[in-house]
Amino acid sequence: MVDQARAARLAQRIKVLVAEALRKRVKDERAEAITVTEVRVTNDLQHATVYYTVLGDAAAAEGAREVLTANHGALRHEVGRQLTIRLVPTLEFVADEVPETAAHLEEVLAAARERDAELARLRENATFAGDADPYRKPGEDAADGDADPAGDEDQAR
């Protein structure tokens with residue numbers, strides 16, 4: 001096991017190195033749209049998962065995946081050259097779904113806010129269907145004259 005702080009520092013360093021290598025070493029214009037968002041390193045420092053996002057549509061995302069697959073070895077070589085550790089971790093590139101999920105949540109929250117505002121507008125002029133307080137109070141007589149015999153016994157006790 002390794003110290004969690006060391007793994008976090010290594011993950012941050014790998015994030016910077018991969019981003020720089022994509023900018024400087026990879027000679028493909030599709031790599032310009034790639035943004036490295038996060039890197040997670042296993043506790044034994046043997047494996048690093050690199051999360052990335054891509055500006056653009058699905059075609060740009062597919063192109064970015066192809067660029068990362070084609071330049072996987074070069075990126076790992078660049079990370080290994082810059083790090084001062086005994087074993088270079090393997091790199092796995094995963095498309096980050098957080099921005100899409102956040103956008104979906106924002107849409108759902110906006111729809112909920114609209115429904116709440118509509119209900120508030122409907123509630124402004126609403127009135128009760130019956131009396132304002134439909135419940136009988138103790139000591140009140142029934143207006144129709146039908147008294148509940150069980151209720152009278154309870155009051156007599």
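E78 and R81 form a salt bridge, with their closest N and O atoms 2.7 Å apart. This is a predicted model. Both residues sit in helix α3, three residues apart, or about one turn of the helix. Their surroundings differ in accessibility. E78 counts as buried because its relative accessibility is 11%, under the 20% cut-off. R81 has 54% relative accessibility, so R81 counts as exposed; the cut-off for that class is over 50%.

The pair also belongs to a network. Salt bridges link R25, E78 and R81.

## Other salt bridges

The structure holds six salt bridges. One of them pairs R30 with E66, and the closest N and O atoms are 3.0 Å apart. R30 lies in the loop between α1 and β1, while E66 lies in helix α2, so this pair ties together parts that are 36 residues apart in sequence. R30 counts as partly exposed because its relative accessibility is 36%. E66 is partly exposed too, at 37% relative accessibility.

R40 forms a salt bridge with E38. Here the closest N and O atoms are 3.0 Å apart. R40 has 46% relative accessibility, so R40 counts as partly exposed. E38, at 32%, also counts as partly exposed.

## Overall layout

The protein chain has five helices and three strands. Read from the N terminus, the elements run α-β-β-α-α-β-α-α. The protein chain has 157 residues, of which 22% count as buried.

Two further values describe the whole chain. Take the contacts with a separation of 6 or more: 59% of them are between residues 24 or more positions apart. The accessible surface comes to about 11,700 Å², and carbon and sulfur atoms account for 51% of that surface.

The three strands form an open sheet in the order β1-β2-β3, with mixed pairing. The edge strands are β1 (34–41) and β3 (90–95), each pairing on one side only. From one strand to the next, the twist averages 25 degrees. In general, strands of a sheet pair through backbone hydrogen bonds, either parallel or antiparallel.

β1 and β2 run antiparallel. Seven bridges join β1 to β2, which covers residues 47–54. For V41, the bridge partner in β2 is A48. Helix α2 (residues 58–70) lies across β1, β2 and β3. The helix runs at about 150 degrees to β2.

## The nonpolar core

The largest nonpolar core has 26 residues. Within this core, I14, V18, L22 and L91 have the most contacts. The elements that give two or more residues are α1 (4–24), β1, β2, α2, α3 (72–82) and β3. Helix α1 supplies the largest share, eight residues.

Leaving out residues up to four places away in sequence, V18 touches V36, V50, L75, V79, L91 and F93. L91 and V18 are both among the residues with the most contacts inside the core.

Definitions and conventions:
Residues are numbered from 1 along each chain as its sequence is written. This is a predicted model: local features need pLDDT of at least 70, side-chain atom pairs count only at pLDDT 80 or more; totals for chains, interfaces and linings use all residues. Side-chain values use heavy atoms; hydrogens and water are left out. Two strands pair if DSSP finds at least two bridges between them. Helices (H or I, at least four residues) and strands (E, at least two) are DSSP runs, numbered from the N terminus. Axes are lines fitted to C-alpha atoms, for helices over the stretch in contact, and angles run from 0 to 180 degrees between N-to-C directions. Contact means heavy atoms within 4.5 Å. A nonpolar core is a set of buried Ala, Val, Leu, Ile, Met, Phe, Trp, Tyr and Cys residues joined through side-chain atoms within 4.5 Å. Buried means under 20% relative accessible area, exposed over 50%, partly exposed in between (1.4 Å probe, protein chains only). A salt bridge is a side-chain nitrogen of Lys or Arg within 4 Å of a carboxyl oxygen of Asp or Glu. Accessible areas come from the Shrake-Rupley method with a 1.4 Å probe; for residues, only the protein chains shown count as cover.
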